[in-house]
Structures are given as C-alpha cells and as structure tokens.
Amino acid sequence: MLLNTTVPLSVNFDRAEDFLIFIFHILFATSAVLVAGSVVIGISSNRSLRGQNRFIFMLNTSISDTLTGFSVYYLGLFDVQEGYPSRNGTFYILPSFLGVNVLTFLFAQFDRYLAVCHPFFYNRYIKRPAVISVCGFCWIYTYLILTVQNLVPISKAAQINAFGVMTLQVIVLIKVVMTVKLYIIARGQLVREAPSADRDSKTESLRIIVFVVICFLALWGPSFVNIIVRQLTGKGLRFRNEATNLFATMARINALFTPALYIWGSPALRGAVWRAVWRRVCPWRRGRL
C-alpha cells in the first residue's frame, strides 16, 4: 500500500473561522504540552510525590495528556479523519491516549475509595509497585486492543470498535457511581474525623479526583454520545476532519484541564511544579510561589 506523504492542512483559509480554528489548535496544543509536561516533570523530580499512590496516577494521566498535546499538532493542523474508513489517520494511535486516561481515572477512583474507607487493607496491600503495574496495564490494554483492531479486516475492526464503545459505556457508568460515592464520603465520613494531616490529604485527593472526573465526563460526554448515536442509528453529527470536530476537540481539551486541576487542587504539586519548572523559566519571579 502506498502512503500519501503530502497531507493537506486541516482548513482552506478561505474563511475567517478557518484562521481561528488553526490558531486555536496551535495555542491549545502548546498549552497542553506546557501544563501537562510541567506536571510530569514536577512529580518525577520530587521523591515525596513519587512515593504517594495518588500522584502516580496523576503522573500517568499527565504523560498521556502531554502526548495528547503533541498529537494535536497533527490532528488539529492537518486534514486527518480517524475512523472506518480513515483519511490520513493514525490507526487510532493518537486518539487512544484518551482511552488510557479513562482507565486510569477509574482505577484512581477505586484507589481513593479504598484509601478512605478501608485504610488498613489499603496500607497493607496497595503499595507503589501495584499502582505502577495498574498504570502500566492501562497502556498495555489500550494499545493491545488497538493493535488487534488494526491487524484484522475492517469489518472485524469495526466490530471490535463497537465492543469497545459498549465497554466504555460500562466504565462511564461505574465512574459516575464512584464519583457520587466519593463525593458523599468527602462530605460525610471525612468531616467527622479529627483534624489531622492525613485527613487533609484524603480530603484534598478526593476533591481533586471528583472535580477531574466530572470535568472529564462533561467534556468527553458529547463525543461519546455522538459516537453511540452514529453506531446505533447511522445518524449523528459528522465533521470534515478532526480539526473541525467540535466534540473531539472538547474531549482533547481534557489534556489541558486535567493537569491544570491537579495544580490548582494540590499545594504540594503546585510547589513542586514551580520549583522544578517555572522558577527556572521565570527567574525574575523567584520570590513568589
């Protein structure tokens, strides 16, 4: 099969909105790489953060978000259409970074639930190597399914993709239930505990995961619903390419919002990111955190 080495740009620049779309994707991709990348560097360079399970999950999603930011330089700036059939596509390699985050958030929610509701079990069995293994599983499972999907005929690949969408429906339902459960725990159980550093850490981690998951589902939901409608009815909204796909763009915006919420919600992470990255980039502001 011959590969087309000349990929046209995503827009024709014959309308004002074409310029806005193109500039938006450049700014968004750059912002996502800078913010998510700074979280990766901040956690990786801080031994204290690396030793806490919740920051391992943050690191995993931030790596995915950084790669998503880089992927927008292709998906957002060039005429790319993922799907069956695709046009200048990446065999779903780049869009699947979001799939890694879906699984990571799910396991992170169970991690926080066990940490708060079953602390003795959690402290005994849920160690750092287990969390790292779970994060690795998120990558292996996502791209193993994708590899199989790309090796089989298109008809079978479409069936596997439909099965994946069904699986995501179950995962989304679980995530919604877990979000409600964690919110109730944060408002009820932790409030009754005596003030302590451990309680403050649990409250902070629950607040972050609840906000992150709500934001993720809100931005990713429209694309998810549109995909389901298209598969079930053959209708739904269709777009010229990935750059003009409003729903896909909303889903990718999580790559910027998620690490930004991490920095906002965690003073320890905020300090680590400042010391490891931005203090060196902005030396004239060394006196401020």
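Tutor: Phe 105 and Phe 216 are both buried. Keep in mind that this is a predicted model. Searching the whole structure turns up 15 aromatic pairs, and these two rings make one of them: their centres sit 5.1 Å apart with the planes at 70°, so the pair is edge-to-face. The cut-off behind that name is an angle over 60 degrees. What parts of the chain does the pair link? Distant ones: Phe 105 belongs to helix H4 (residues 97-117) and Phe 216 to helix H9 (residues 197-233), 111 residues apart.

Thr 61, which sits in helix H3 (residues 53-75), has contacts beyond its neighbours within four places in sequence: Asn 101, Thr 104, Phe 105, Thr 258 and Tyr 262. Is Thr 61 buried or exposed? Its relative accessibility is 1%, so Thr 61 counts as buried; the limit for that is under 20%. Thr 61 also has Ala 255 at 8.6 Å in space, C-alpha to C-alpha, though the two are 194 residues apart in sequence.

For a contrast, hop to helix H7 (residues 154-187), where you'll find Val 180. With 47% relative accessibility, Val 180 counts as partly exposed. Together with Val 176, Tyr 183 and Ile 184, Val 180 forms a nonpolar patch on the surface, with about 360 Å² of accessible area for the four together.

Conventions: Residues are numbered from 1 along each chain as its sequence is written. This is a predicted model: local features need pLDDT of at least 70, side-chain atom pairs count only at pLDDT 80 or more; totals for chains, interfaces and linings use all residues. Side-chain values use heavy atoms; hydrogens and water are left out. Rings of Phe, Tyr and Trp (its six-membered ring) pair if their centres lie within 6.5 Å; planes under 30 degrees apart count as stacked, over 60 as edge-to-face and the rest as tilted. Helices (H or I, at least four residues) and strands (E, at least two) are DSSP runs, numbered from the N terminus. Buried means under 20% relative accessible area, exposed over 50%, partly exposed in between (1.4 Å probe, protein chains only). Patches are made of residues with over 30% relative accessible area and no salt bridge: like charges are joined within 9 Å, nonpolar side chains (Val, Leu, Ile, Met, Phe, Trp, Tyr) within 5 Å. Accessible areas come from the Shrake-Rupley method with a 1.4 Å probe; for residues, only the protein chains shown count as cover. A salt bridge is a side-chain nitrogen of Lys or Arg within 4 Å of a carboxyl oxygen of Asp or Glu. Contact means heavy atoms within 4.5 Å.
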